[in-house]
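Keep the view open while you read.

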Amino acid sequence: MTTPSRMTANALVLFVCAGHAVVGCGGSAGGGSGDDLGSGTQTLVVTAAIEADNQIPNATDVNDFTTSFDVRVRRAGQDVADATVTVTSAAGAVTLAYSGDGRYRGAQVGYHEVYRLDVVAGDDDVTGARVDGPDIHVITAPQPGALVPRSADLVVEWARDETAEVAEIETKEMDKVAIDDTGTFTVPAAILNQDDSEIKDDEVRIWRTNRLSPAGGAGGSSLSVTVRNEIDVLVAP
């Protein structure tokens with residue numbers, strides 16, 4: 001599937017330095033644009049998940065998200081604890097902190113769509129891998145806080161500019177399932193959170209993801225960028 005280039009936006013950045021979250025701890029700005037497989041020694045297995053989670057219901061502004069970075073680095077079947085792992089977006093560079101088990105973590109305020117990953121571990125590296133993530137989607141139906149009937153299937157609709165490679169949906173009573181990013185999905189009435197005698201609250205969450213396999217990584221390496229949005233609804237008795 002071809003993923004067109006997307007626009008990025010500047011925002012405040014939360015850096016993670018030496019295991020502590022601080023504002024403005026340095027780093028170069030600019031993640032570039034478009035997908036790039038990058039390069040490297042093909043000796044490190046790097047699995048990187050970048051996920052932006054909405055901080056308010058049905059967020060539309062880039063600053064209403066917080067993006068987390070979770071990168072695992074392995075070499076010859078062993079966790080690597082001494083790598084330098086950097087994620088760069090239009091908001092700047094974040095050097096991730098080691099958290100054990102070969103994992104490096106950090107976070108950044110906002111969602112900036114395009115993210116570059118660089119991993120250096122001694123003479124081994126994976127550099128310049130870049131994913132152009134999905135644009136922000138907005139759930140257009142049902143309306144946030146709407147009272148929906150328990151006896152009718154719930155038609156969920158969302159607006160997005162471009163189709164993501166992967167989409168997933170979840171409600172309180174329905175585990176996350178993979179769906180096509182068509183802009184609509186129907187939740188069966190039988191699995192709405194409901195009660196005979198009182199109004200119950202339910203949630204609708206949608207994730208959309210773009211991903212690639214870095215050229216500089218060993219087999220099994222991956223880099224993904226995900227954006228999540230969600231709303232709450234009420235289910236009538």
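**Rings, sheets and a patch**

In this predicted model, ring pairs join Phe65, Phe69, Tyr111 and Tyr115 into a cluster.

Q: How many aromatic pairs does the structure hold?
A: Rings pair if their centres lie within 6.5 Å. The structure holds aromatic pairs to the number of four.

Q: Is the pair of Phe65 and Tyr111 stacked, edge-to-face or tilted?
A: The ring centres of Phe65 and Tyr111 are 6.2 Å apart. Planes under 30 degrees apart count as stacked, and over 60 as edge-to-face. The planes here stand at 50°, so the pair is tilted.

Q: How many residues apart are Phe65 and Tyr111?
A: Phe65 is in strand S5 (residues 65–75). Tyr111 is in the loop between strand S10 (103–109) and strand S11 (114–121). The pair links distant parts of the chain, and the two residues are 46 residues apart.

Q: Are Phe65 and Tyr111 buried or exposed?
A: Buried means under 20% relative accessible area. Both Phe65 and Tyr111 are buried.

Q: Which strands stand at the edges of the five-strand sheet?
A: This open sheet has the order S3-S12-S11-S7-S8, with antiparallel pairing. Each edge strand has a single partner strand, so one side of each is left without a neighbour in the sheet. The edge strands are S3 (39–40) and S8 (92–95).

Q: Which residue in S18 is the bridge partner of Glu157?
A: Strand S15 (residues 154–159) pairs with S18 in the antiparallel sense, over four bridges. In S18, Glu157 has as its bridge partner Thr184.

Q: Which residues make the nonpolar surface patch of about 260 Å²?
A: Ile199 lies in the loop between S18 and strand S19 (200–212). Its relative accessibility is 47%, so Ile199 counts as partly exposed. Patch residues need over 30% relative accessible area. The patch is made by Leu147, Ile199 and Leu234.

Key. Residues are numbered from 1 along each chain as its sequence is written. This is a predicted model: local features need pLDDT of at least 70, side-chain atom pairs count only at pLDDT 80 or more; totals for chains, interfaces and linings use all residues. Side-chain values use heavy atoms; hydrogens and water are left out. Two strands pair if DSSP finds at least two bridges between them. Patches are made of residues with over 30% relative accessible area and no salt bridge: like charges are joined within 9 Å, nonpolar side chains (Val, Leu, Ile, Met, Phe, Trp, Tyr) within 5 Å. Accessible areas come from the Shrake-Rupley method with a 1.4 Å probe; for residues, only the protein chains shown count as cover. A salt bridge is a side-chain nitrogen of Lys or Arg within 4 Å of a carboxyl oxygen of Asp or Glu. Buried means under 20% relative accessible area, exposed over 50%, partly exposed in between (1.4 Å probe, protein chains only). Rings of Phe, Tyr and Trp (its six-membered ring) pair if their centres lie within 6.5 Å; planes under 30 degrees apart count as stacked, over 60 as edge-to-face and the rest as tilted.
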